[in-house]
Amino acid sequence: MKTNYLVTILAFLFFVACKTEPKKNEESAEPTEIEKSVPERIAEAHGFDHWSDVKEITFTFNVDRDSMHFERSWDWETKSNTVTAISGPDTLTYNRNSMDSIAMKTNSGFINDRYWLMAPFNLMWDSNNYTYEHTEEATAPISEEPMQKLTIVYANEGGYTPGDAYDFYFKDDYIIREWAYRKSNQQEPNLVSTWEDYIEMEGLQLAKQHNRPDGGTSLYFTGLTVSKE
């Protein structure tokens with residue numbers, strides 16, 4: 001980020017889901033379907049099953065607060081893992097499989113911005129780095145509506161903010177409506193925001209808008225495109 005403020009409001013991690021091996025039916029010796037975990041259900045509700053067909057996605061991440069506006073754009077070729085970053089007059093293309101120090105610094109911004117767009121998919125991508133707890137009856141922090149809650153807590157090593165916690169709020173359709181970030185798994189959230197203005201693109205359900213309850217900060221996406229093979 002270009003300012004300490006942006007670092008504070010934008011720094012986020014990725015998440016994972018617990019997985020189990022298929023079990024055998026004792027009588028038929030045939031594999032039986034295992035009930036999916038809550039993180040898996042959230043990812044699938046947002047179109048994760050279609051992700052393997054995506055070859056390219058582009059987006060511009062915008063932040064508005066009072067009179068301040070910040071934006072940066074990304075073009076991600078998913079099969080080769082090549083990213084083009086555009087911020088103001090600066091453009092950088094790099095491959096995430098082989099990064100130098102400059103690319104690594106730029107990639108931290110990509111991870112942050114991509115997370116705001118595709119956090120439900122990160123529940124699957126970071127499949128070995130968090131523990132989770134599902135609460136069937138909870139109160140969403142902004143709307144105060146009754147919702148379910150998925151709490152994930154990251155491991156104390158690795159990632160950008162190890163040991164931090166995130167609360168996802170959703171209804172029976174498993175689509176995220178609100179979330180909260182809690183640094184170092186503290187009790188009170190450091191940041192809460194909405195997930196809204198969803199758009200369907202090539203089977204993906206993407207939230208274009210995130211608002212904070214004080215109305216002072218708006219995070220949103222423009223220039224969204226998704227290309228499939």
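Is the crossing of α2 and α3 left-handed or right-handed? The crossing is left-handed, a term used when the near helix is turned anticlockwise from the far one by less than a right angle, with right-handed used if clockwise.

This is a predicted model, in which local features need pLDDT of at least 70, side-chain atom pairs count only at pLDDT 80 or more, and totals for chains, interfaces and linings use all residues. Residues are numbered from 1 along each chain as its sequence is written, and side-chain values use heavy atoms, with hydrogens and water left out.

**The chain as a whole**

The chain contains three helices and 14 strands. Helices (H or I, at least four residues) and strands (E, at least two) are DSSP runs, numbered from the N terminus. The chain has 229 residues, and 46% of them count as buried. Buried means under 20% relative accessible area, exposed over 50%, and partly exposed in between, with a 1.4 Å probe and protein chains only. Among contacts (heavy atoms within 4.5 Å) with a separation of 6 or more, 51% join residues 24 or more positions apart.

**Helix α2 and its surroundings**

Helix α2 covers residues 38–45 and lies across β7, β8, β9 and β10, running at about 75 degrees to β7. Axes are lines fitted to C-alpha atoms, for helices over the stretch in contact, and angles run from 0 to 180 degrees between N-to-C directions. The axes of α2 and α3 (residues 101–125) come within 8 Å and cross at roughly 135 degrees. That angle makes α2 oblique to α3; angles under 35 degrees count as roughly parallel, over 145 as roughly antiparallel, 65 to 115 as roughly perpendicular and the rest as oblique.

At this crossing, P39, E40, I42 and A43 in α2 meet P120, F121, L123 and M124 in α3. The buried residues of α2 are V38, P39, E40, I42 and A43, and their cover includes α3, β7, β8, β9 and β10. Just after α2 comes G47, with a positive phi of about 95 degrees.

**The five-stranded sheet**

Five strands form an open sheet in the order β7-β8-β9-β10-β11, with antiparallel pairing. Its edge strands are β7 (130–139) and β11 (191–194), each of which pairs on one side only. From one strand to the next, the twist averages 15 degrees. Two strands pair if DSSP finds at least two bridges between them.

N156 lies in the loop between β8 (146–154) and β9 (165–170). This residue is exposed, with a relative accessible area of 67%. Leaving out residues up to four places away in sequence, N156 touches P162 and G163. The C-alpha atoms of N156 and Y130 are separated by 9.3 Å, although the two residues are 26 apart along the chain.

**Strand β3 and its partners**

Strand β3 (residues 54–65) pairs with β14 (residues 217–228) and with β4 (residues 68–77). I57 stands opposite V226 in β14 and opposite W76 in β4. A hairpin is formed by β3 and β4, with two residues between them, and D66 in the turn has a positive phi of about 55 degrees.

| Strand pair | Sense | Bridges |
|---|---|---|
| β7 and β8 | antiparallel | eight bridges |
| β3 and β14 | antiparallel | 10 bridges |
| β3 and β4 | antiparallel | 10 bridges |
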